[in-house]
Structure formats: C-alpha cells, structure tokens
Amino acid sequence: MKLTGAQALIKSLEMEQVEVMFGLPGGAILPVYDPIIESTIRHILVRHEQGAGHMAEGYAHATGRPGVAMVTSGPAATNIVTPLCDAYMDSIPLVCVTGQVARSAIGTDAFQECDTTGITMAVTKHNWLVTDAQDIPQVVAEAFHVATTGRPGPVLIDLPKDVSNATMDWYWPNGVDLPGYKPTTRGHPRMIREAARLIASAQRPVIYAGGGILKARAAEALRALVDDTGIPVVTTLMARGAFPDDHPMCLGMPGMHGNYTAVTAMQKADLLIALGSRFDDRVTGKVSAFAPEAKVVHVDIDPAELGKVRRPDVPIVGDCRLVIEELVAAVRQQTEPEPVPDRGPWIDQIRQWQRQYPLAYDRNPPDGVLKPQFVVESLRDATPDDTIVVAGVGQHQMWTSQYWRFNHPYTWVNSGGLGTMGFAVPAAIGAKVGRPDRTVWAVDGDGCFQMTAQELVTASAERIPVKIAILNNAYLGMVRQWQEMFYDERYSEVYLSPDLPDYVKWADAMGCVGLRVEAPEEVGPAIDKANEIDDRPVVIDFRTDSSEKVFPMVPAGGSNDDIVVDPAHGEGGR
Amino acid sequence: MAPAKGNQPRHHILSVTVENRAGVLARVAGLFSRRGYNIYSLAVAPTDDERFSRITIVVDVESSPLEQVTKQLFKLINVVKISELDPAEATERELVLATVRAEPKSRGEVIELVQVFEGRIVDVGYDQLTVMLAGAPSKLDDFEDLMRSYGIVELQRTGRVALPKLERQAPRLRSVSGAVG
Ligand SMILES: Cc1ncc(C[n+]2csc(CCOP(=O)(O)OP(=O)(O)O)c2C)c(N)n1
C-alpha cells in the first residue's frame, strides 16, 4: 500500500492507539493536518503551542498513557520547548511531532526554519529528524517505545515538509532496534536481600516515595510494603497520591514547604528507603546536613540517579513496582535480626510531632479576610474524593499540595521539577480529556493564570468542562513571600492589580462561567455552584489574603533542621 | 595534558561506542558542555562494524563527577557501550602534523630530531618542513617543546585513540569441577 509520509505518520499514531492529540497547524506541518480529517484520532486545536504541550502532559499524568502534541516548525516548535523541558524534569511520557522546512531548505535560514532537534536535544529523552518517508513507522514506534519505557520522558519527531509529501510503502515494524537502549527492570537479587536486611534491622526507617512510584504504577506494591513493615511514608510533591494521605503511616510531603513531621522524620531517620525519588534540592535542603544518620536504600529505573546527590548504601536499579514486589517477598523471608528492633518509640515520636506541629494557619483572622488555605480545604471537602487536582506554580501550589487529602494515585497533576507557571489551565484540560469521568479542578495563582488562560477558549470550544479556582492574592505571591522574608519587605515588581483583568468578565468572554468570591461565607455556595456546571468551564476568582505565607519553610540552601513552622503555632514560628 | 594531581588521577579516557546516526556527536559533546566539563581531546571514526562509531574522549576531571557524566552519557539512546580506560592500563596514541621553520643553517638539526623521534618528513619547502609524528601523547608533547625553539608555523594534533593494554601472562586454567550444564 502506497501512502504519503503524512498519511503514514497519522496511521502510525493510530497503530500506537493514540486517541487524542493536541496541536495547531502551520505551513511545514500542513500535509499532516490533511489526513487528520479521516482519522479516528481526536485533534484538539489549542490557542498557543505551549498549551498543546501542557495538555499532553496533563493527559499523561492523569491516564499514564503518553500525551501527543503536534505543531508546525519555527516559532511553534520554540513555543513547545517549555512543556518538553517540564516533561523531561518530571519524567512524563510525551510524543511531540513538529513540522520542519523541506530538506533542501534545512540550514538555509528558510522562513520558519529553526534547528528544532538541536534546540530540544537537552530537554528530550531523544529526538529524531526524519529524512526519509519510508522511516516514519519505524521512527514512530521507536518514539513511543522510548517515551514510555525505562524512565519515561518526552521525545520529539521533526518532520520536513517534503518528507510528509513523499510516498512510501506502508508497513508496521514488528519491534524496535535500539542496541543502546535496554532499561534494567528487575532488581539485583543480592541488593534486594541487602535492602531487606537493612529494612529488618532499622529502628527509625522512613520510606521516601517519589514520582517514580506513579510512573511505575507501583502504588499498590508500596501499600503492601508498608502494610507488611509498618514503615512510615513521606510522599514528595511528585508523589502526592501515590500513598493515601488517610493511611495512618502517611506523613505527607517533605521538603522546603513540607510539613514538620515529614521533614523531621527524614532528618532523624536511621534508614531512608528512597523509591523513585531523586533527592531534589527542594527535598534535601542543604545536602550535607540532610538525614545525617540515615543509611540509604535507593531504588530507581535510572542508574544516573543513584549516587547523583547522595551515595546510597544499597543502590538498586530497576522498575519501582517490580523491585518493591521483590522487596516485599524478601522482607517476608527475612528471618534476621532476632529480636526485631522495637519501632514503637519511633512511631510514638512521629505521633508526637504530628500532634505538636500540624499544618496550621489562622482560622479566625480578625479582619475576616479570605485565607487561601481555607479555600483549598473547602474545595477538598466539597468535591468527590477522586477529583483530579491540578496546580500552577507558587504559593497556591504548595497550599494545595499541603491541604488537599490525596487518597488515590493519579489525582495530582503538577509541575514539580521545572516549576512552570502557566501549567495549570492547559494541564487541567488535558487531564479532563483523558479522564472525562472525573471532576477536574485547577487551583491557580493570579500570575500563573494570566500566562495561559487563553486555553480556556480551547476548553469552551471543545466542551471540556474544567473548573479553575484562582487564588487571587494580587501578587506574584511566592516571590512576594521571599521579598518579605529575605529582602526586608522591599517589594519589587510583584504587585498585580487584583482587578486587572476582571476575571469574571474574562471568563465570560472565553465562554466560561465566571464567579467572584470575596468573603469566607461565599466560598461554599460558589464551589457548589461550580460543581453543578458540567457543560462548560468555570472560573472562580477567590480574593484571598495577600499577606498570607506558606509555612512550614526551610529557607533555600538551609538545613532541614532549621524548618520554620507557621506563626499560628504561637511560638514565633519555631 | 594536565598531570595527575593528588592521589586521584584526573585524566580519564572514555571509549564510547555509538550508533552511526546523525547528530550523535552533538549529543555526546553537548552533554559534557551542559555539565561544565571541558573535553580535552576527542577522536571519532567508524569501527569495523559500519553500524557503529567509536568516540574516544579524554577529560580532565575528578572521578566522582565523571561517574555522573558517564551515567548521563549512557542514557543517550544512541550510546551502545562506554568503557573507561585507566591511563596506566591503556595504550594511547595520537598523531601530529607540524610545519616547522627549517632555515638552511638549522635544517640538519631539525631533520636529526625528527629521526630521533621516529617521525617522518612529509613535505619540504624552501625554509620550512612538514613533519608527521605518531606516538604516545607525552612523546608528542616533548617533540612539540623541542620544535618550538626552531619555530612552529602550524601544528595539528588528531586527538588520541586508545585501547586497553594486553594481558602479559596467560590466564590460569579455571577449575571446571562443579560446573553444571
Ligand atoms: C514561567 C515562570 N516564570 C517565573 C517563575 C518564577 N515564579 C515562581 S512562583 C512565582 C509567582 C507566582 O505567582 P501567582 O501565580 O500569582 O501564584 P501565588 O504564588 O501568588 O500563589 C514566580 C514569578 C516561574 N516559576 N515560572
């Protein structure tokens, strides 16, 4: 069967069971947009290519399936670099197709030419410049294989226009041939035994669960490990939901804005079992002072993570789910040491920290202002337990991760590694496309919202009913917090007018329902109303307290021992 | 070449087998520059198997950061194999082509030195000679130093290639008892 390169590309995507793709056409990718008309694949036309990338990420976060984005050459390709980098940092499987100028024009500074593979080399797991239409099915199969196996990540296929127009003989490859790519999935048996031995003899162990748990679909395995061993678990920003917050052994989030118990339990641990976590500086604080007494068992599919920040006592390369299952079996067989150490005092100590330093904010502010934490709690309480929650980047992101109760995996969609403002709106749209059965709420900042709000036009046009809660504190709040704490309250270029734009009118103009909430008593009714609307997006402009800060906080570069808790604890924050 | 400082050797030779695909060299070189490491020398050529090329990279860096670079390098999809050669356990060779001044009065001396170093004169001008010399990098360094006093007009080195040194002794016969199937 003869096909054009463009037809072969679309057919290859169909062979990979792609059901939806996000994109925006243009000259160099035009040939490929033509066969989309006949394709079973749903195409969602975005308003900005950054939106396409984040939608694909949101889709991948929520479904575990690779997200697909397709855009044209030049400025379209550069617009999608941010989502690629975001996906690279957070190990999100993404397949991005970019148009390219004809092969004869490559390297001539032709109109809308840019060196897309060169630009994206550092932010993709791999990329391909296709030079022969005959290679297209092979490249697509390789791209999906690379994006979804091992440590998942974004890949990019750059497709010159003349290659799309050329003809090829259709085939579908029966495998990929990548001699340099063979991820290790099973743990080394000796290391597993060694880890089981450390686990059995530890007195103050903590499981440090990272986003890799979710990538490996290892939430159930983790649960089994905890139920067998009774070891408490911290869930990083990327791992929220990987272990239920309601479980008695769940300590919540560690790190710069983690809660006191999670941070301190790691600091005092004698064993850290790091599962799919990467010792990010936002978690460790000052590395040399991090968990000084802890031995480390580190499990990761990516060998480069082992020893990158902290040298593990037991490094285990492998797929988190398989390795945890192997660990569970090894722990069950473990007969030594006798007697097993008594972990009662450790758990008692943890319970005491939890009682002494719960997350706190002023619940009865004298002037009746709206506290952002209260908004998050109200949202949490008024929505179904399996609601998918998406956040932007800033204070609102931290409050959401702190005050939501994540009891199910794949309910938290977030830009952790890159910290991309403007992530929430498009990512929420992508998540809702992937999981139309779920309620999807984005909690966004007023600064973040203004970066990608136009994608709500996409949502309205495509009838994707996401819900957006703007915590409008009239500031680039997280930056304001740093200026307040570390720059003597010299507020430089962080004030955003609370009334500009008029978010209700803006929402309205974009085909959404817009609501405004100014006082605590209006919060519940507005959320209820938003939850009832299911035929279009809803935006609620919550006017929140500008001066509220995120606590606890470990100052950047500081030791986790120097964690500062909320002044609401009444001890001046320490 | 920077000599070893302290106990840890800083000079490392990486021998990297890569798939013969467009852009591989950029990916490899980019990885070093992104992490702030200078490549001291780089030599690339196809291997006997046309699907693969070998890149020999010499870096001057301490072992622990190098380990991270090596692991990152191995994550590149087109990288098939990486071996690190201990400079003490490797045979290293490099080639230099140098055009040196050789006025009639000094010409004899230059020719003599080239012969001592087992180099070859590959081109002759009225007051210059072009010389070729292959050998261990340190020998090339010495030659370069000596030639400098006569005047180096132009000089090019290839970057080094290396192979592991061979076993000096026949391996002991392995016990076969207990071997099953
Ligand atoms: C694209 C981008 N630009 C800048 C930053 C730096 N930054 C981090 S948080 C933040 C402020 C976010 O403000 P807002 O969206 O209003 O959220 P808030 O912190 O007030 O909740 C900024 C500017 C970033 N993370 N991403």
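I started with A:K295, which counts as partly exposed because its relative accessibility is 41%. My cut-offs are under 20% relative accessible area for buried, over 50% for exposed, and partly exposed in between, with a 1.4 Å probe and protein chains only. The model is predicted: local features need pLDDT of at least 70 and side-chain atom pairs pLDDT 80 or more, while totals for chains, interfaces and linings use all residues. Residues are numbered from 1 along each chain as written, chains are lettered from A and ligands numbered from 1 in written order, and side-chain values use heavy atoms, without hydrogens and water.

A:K295 sits in strand β13 (residues 295–300) of chain A. I take helices (H or I, at least four residues) and strands (E, at least two) as DSSP runs, numbered from the N terminus. Setting aside neighbours within four places in sequence, I found A:K295 in contact with A:L198, A:D270, A:L271, A:L272 and A:D313. Contact means heavy atoms within 4.5 Å. From A:K295 to A:I273 I read 8.5 Å, C-alpha to C-alpha, across 22 residues of sequence.

Next, the cores. A nonpolar core is a set of buried Ala, Val, Leu, Ile, Met, Phe, Trp, Tyr and Cys residues joined through side-chain atoms within 4.5 Å. The largest one has 65 residues, and A:I207, A:I213, A:L272, A:L275 and A:I316 have the most contacts inside it. Helix α14 (residues 320–333) of chain A gives the largest share of this core, seven residues. Another core lies apart from it, with 49 residues, including A:V20 and A:L94.

How are α11(A) and α14(A) packed? Their angle is about 20° and their axes are 9 Å apart. That makes the two helices roughly parallel, a label for angles under 35 degrees. Axes are lines fitted to C-alpha atoms, for helices over the stretch in contact, and angles run from 0 to 180 degrees between N-to-C directions. On the α11(A) side the contact includes A:L222 and A:L225; on the α14(A) side, A:I324 and A:V328 are among the residues.

I then checked helix α12 (residues 260–268) of chain A. Eight of its nine residues are buried, so the helix is largely enclosed by the rest of the structure. Among what covers the buried residues are β9 (205–209), β12 (271–275) and α15 (344–356) of chain A.

In which order do the six strands of the open sheet run? I noted β16-β15-β17-β18-β20-β19 of chain A, with parallel pairing. Two strands pair if DSSP finds at least two bridges between them. β16 (412–413) and β19 (513–517) of chain A each have a single partner strand, so one side of each lacks a neighbour in the sheet. Helix α16 (residues 372–382) of chain A packs on the sheet, touching β17, β18 and β20 (538–543), and its direction makes about 165° with that of β18(A).

Last, the backbone. Most residues other than glycine have a negative phi, and most peptide bonds are trans. I logged a cis bond joining A:L500 and A:P501, omega about -5°. The bond from A:F551 to A:P552 is also cis, with omega near -5°. A:R217 has a positive phi of about 50° and lies in the loop between α10 (212–215) and α11 of chain A. In chain B, phi of B:E118 is near 60°. B:E118 counts as exposed, at 65% relative accessibility.

Terms used
Parallel < 35°, antiparallel > 145°, perpendicular 65-115°, else oblique.
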